[in-house]
Amino acid sequence: MPKLNRTAVSSLGVGSCVILPLLLGCTGVMSGDPGSHGQMAPGGLTLGQTGGGTSSVGGAGAGGATANPQASKPEVDVMTIRRLNRTQYTNTLRDLLGTKQDQGSKFPPDDLSFGFDNIGEALSLQPLHIELFESSADTVLAELFALPATDANRMKVLGCDPQAGGHACVDSTVLAFAERAFRRPVTEAEVAPFVALSDNSTKAGSTAADGLKLALKGVLMSPYFLYKVELDASPTAKDVHRLTAFELSTRLSYYLWSSMPDDALYASAKSGDLLTDPGLTSQITRMLAAPASQALVTEFAAQWLNIRRVAAVKPDATTYPAFNADLATSMQTETSMLFSNLLGQGRPLSELLTADYSFVDTTLATFYGMPAPAGSGFTKVPLAGSHRTGFLMGGSFLTMTSNPTRTSPVKRGKWVLEQLLCSPPPPPPAGANIAALDSGPPLSVRAKLEQHRAKEPCNSCHSLMDPIGLAFENFDGIGAYRTSDQYGAIDATGTLNTANGVATFNGAEQLIPILTADARLAPCAASKVLTYAVGRGFSNADATALTNVLAATDKTGQGVRGLIGSVALSESFRSRRAVGE
Amino acid sequence: MRKLSYGRRLFLGGAAVTIALPFFESLVPREARGQAAVVPKRFLGFFAPNGFDMADFRPTSASGAPLTLGPMMASLEPFKEQLLVLGSLQNTKQDHPLGDHSGGIGAMLTNRTVIYDTEKMAGPSIDQLVAKQIGGTTKYASLSLAGEPGATDGSCDSGYRCSVGNHISFDTNGVPLPKLYDTGQIFDQLFQGFDPSASQADIARRNADRKSVLDSVLAQATDLKGKLNTGDAAMLDQYLSAVRDVESRIDVASNASCMPPTKSSGTLSDQQRHEILNQLVSLAFQCDITRVASIMWGNVTSNRNYASIGAAGGHHDISHHGGNVDQIAKLKKIGKWEMDRLAHLLTTLKGLPDSDGRTVLDNTLIFYSSDISDGDAHNHDDMPVLLAGGGADFTMNRFVDHPEKPHFSDLFISIANAFGSNITTFGEHGMAPLPGLKA
């Protein structure tokens, strides 16, 4: 029987895609070739290449992604100017003015691209945004001006009294505010139009304070505030060049903190220190140790690991009466704290899957059938004896990959392939008559999937997804452990073709080492970090960028923390270009 | 001045709002406000996800004959005189075999192919074209509302970007219009700036201030744009267009003719949410805050759990019924529920007097459809399409089948013409108005 082959579309790549609708994408064997993201190479693919040696990032097999020289985009590629997204807008107002208001939550959700809400191309701007920026500026400036004159936040912005100090006070205030808001030095000429707003307003009879407020509002409406502006020698210049120190400090602070540079970072930009390797390294270290780096958990990890989705799923109340908003929140917090620990402690990436510990509060511990921790907060606990290991056996993953009334091993398998191995299976071929799993005679999910993938065109792709998902069948649709369901004892055995031959496993615990040995795990994680950091899609087509980041990461010996830092030190992050190659 | 008295209370959610009817203490005749006495027409595009059970959706009357409604539309019986169901229309989709949902959503009001790996559509949606025609003098050119919050993570569908696969309204450049979901926020957007204590001088002052601020940044942005590469300059163009658009409407905002309703609290069931959206859009129309709106009841592959009506499970999953009778039964229930909510919208619009002495429904055209027809076949032909309201001069109270399988675009040309735009082409397939809309 001839092997059918199709070039599937890469969901992370840009450019044209070739699709031959009559051919299928999977040849029944999974690949460890990290150059084949989304593409099924001819001759079959195998799951996992066990490499030699250890890696601080991903354990065996992850030491150095194998670059695919045929598919390498330049390390520094064109990306689209990025407007501040909602979260960044809220955080920036907080850091500029001290406001605790969440103005960003008033905005429509930013569109996701490549799985993240901070990708330039997707951050469009419509009249509604302008109106919301206006009203937000009005609100936070009114709040600022209403603070007592001795308030520290107020004094940071309003260093003099415009009533008493007149034009000179307005001038110096606007200049200083614009420098902070634009995240770079500004000239008198640049702020003159804003100062004029104040002058004209007071001439027309407004108070000095209201005049100044108007000028500051102008600053907050400026494209230099709302967008992270980066320039080239000319709009058509062909060279790759390093960012300016201020452009770099902006990229760095929004990457690590989802907010504007603080005074120390800005100073290192102003002195030029930030443009040096040691200077940049020391800022990265400082910033990763700061509480604001929690943004990497709430923004990066939350989106990469789809933690937010847990709040959006609606398990059926009759089937899963134990599920409620509190439990969902606890599940999310568990995953957030796990990632935070990996980052903070410099743990290997593989520990995301292999962690023999987790973080639980009473709600979650009770749900897991573990002893409740003391107190009302979260505690780090060993997972020994709980049937659970790592992120994939925690409530977040298990719940958000389920259907309202049952587990979905297909979704679970697909998630692992997509989000951890950057190898999404091609979607079902057109015309494939997919009978609903919920229809037909009552059989276990496993049995039904076996029927579904019994023949082509289903088998070749589903034989990659289903076994992975079925390994988790001991966890129901909200992640509760079970040894049987209404159809009988749970069978969580499976088989996968890997680079080292056929791997068999019984349950998720035995699947984990197969996944951590997969050579795609580290490059995939690196591509996610790069995408989030730079604001354009990275995939295995960016082999050079990935190779360099992973090599640098291995040298740090600091696992996830090393990966985050290595991305910031990479050329992909520190340089730009006006036009593509 | 007329006093309207209803006495129903509506619940909005999120930040949580109740609209107390009567909405308005007064409805000042248009002439008294110095505006022309021509009553505005309104357009609403409504998206329901995952298709319908077409057997129940389709009227049982013959093509061209007066409507006999199918079981799904039983609650629309009182509105037959202003209902037109079209059969056998098709729409474009996406450029790969997969992603039928994304393809159908991006295409629903544009009749354009949704392109993989692309953040924009190749042209505008019909509601935005109509907004360009009739939306120049209202506070908002259009309003885009959502029944499900935006995708907060992940990708949208089969690799198609959320920008195109999760929006139905697109501007001239094919950039999506953002959707508002939180009903409290929608309320605020409609009625913010309303300050009954402000004097005319205050209002004039505020408007002048807004304009001067926007002018200052316009100049800066124009200067910046010249320094940017092509892609970035296009993004700045969005900023420039948006600022100019907002600036052009500043004076309009102060002419808002409505007393906003009062607020209170609650969380929302799906039914409440849908009905609040119905009421908000009806309010927005009656108050002339906007004349064009779109509502996406669900996102792409919406998996809403309609357990409360005996259709437990995910809507999208159920729509892949595979011929299973239980799944089909659930799908019929969901469709019926959706039509019941449409009946509520029509009731609401009908209950609001318009400035010409008729009702707002008489001056509104609603286009209601989905991303696909049958959830199993994922087909984009024989699409579920209905028109409601008196906003266009079509002959209603009929089912009209089109065995020649025209595209949505032909219907959109007719709609555009009805709203005063003389286009002769639209989307990828629109070459002529759809025949048979006027008997």
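Q: How are helix 10 of chain A and helix 23 of chain A oriented to each other?
A: Helix 10 of chain A and helix 23 of chain A are oblique to each other. Angles under 35 degrees count as roughly parallel, over 145 as roughly antiparallel, 65 to 115 as roughly perpendicular and the rest as oblique. This is a predicted model, in which local features need pLDDT of at least 70 and side-chain atom pairs count only at pLDDT 80 or more, while totals for chains, interfaces and linings use all residues. Residues are numbered from 1 along each chain as its sequence is written, chains are lettered from A and ligands numbered from 1 in the order in which they are written, and side-chain values use heavy atoms, with hydrogens and water left out.

Q: What is the angle, and how far apart are the axes of helix 10 and helix 23 of chain A?
A: Helix 10 (residues 277–289) and helix 23 (residues 559–569) of chain A pack at about 140°, with axes 10 Å apart. Axes are lines fitted to C-alpha atoms, for helices over the stretch in contact, and angles run from 0 to 180 degrees between N-to-C directions. Helices (H or I, at least four residues) and strands (E, at least two) are DSSP runs, numbered from the N terminus.

Q: Which residues of helix 10 of chain A meet helix 23 of chain A?
A: From helix 10 of chain A they are A:Asp277, A:Leu280, A:Thr281, A:Ile284 and A:Leu288. Their partners in helix 23 of chain A include A:Arg561 and A:Ile564. Contact means heavy atoms within 4.5 Å. The residues of this contact divide into six nonpolar, two polar and two charged. Here Ala, Val, Leu, Ile, Met, Phe, Trp, Tyr, Cys and Pro count as nonpolar, Asp, Glu, Lys and Arg as charged, and the others, Gly among them, as polar.

Q: And helix 22 of chain A, at what angle does it cross helix 23 of chain A?
A: Helix 22 (residues 543–556) of chain A crosses helix 23 of chain A at roughly 135°, and their axes come within 8 Å. That makes helix 22 of chain A oblique to helix 23 of chain A. Among the residues in this contact are A:Val549 and A:Ala552 of helix 22 of chain A, and A:Gly559 and A:Leu563 of helix 23 of chain A. The contact divides into four nonpolar, five polar and no charged residues.

Q: Changing topic, how many disulfides are there over all chains?
A: The structure holds two disulfides, a disulfide being a pair of cysteine sulfur atoms within 2.5 Å. One joins A:Cys160 to A:Cys169, with an S to S distance of 2.0 Å. A:Cys422 and A:Cys524 form a disulfide with their sulfur atoms 2.0 Å apart.

Q: Where do A:Cys422 and A:Cys524 lie?
A: A:Cys422 is in the loop between helix 17 (409–420) and helix 18 (445–452) of chain A and A:Cys524 is in helix 21 (residues 521–534) of chain A, so the pair ties together parts that are 102 residues apart in sequence.

Q: Is A:Cys422 buried or exposed?
A: A:Cys422 counts as buried, at 3% relative accessibility. Buried means under 20% relative accessible area, exposed over 50%, and partly exposed in between (1.4 Å probe, protein chains only). A:Cys524 is buried as well, with a relative accessible area of 1%.

Q: What about A:Cys160, buried or partly exposed?
A: A:Cys160 counts as partly exposed because its relative accessibility is 28%. A:Cys169 counts as buried, at 4%.
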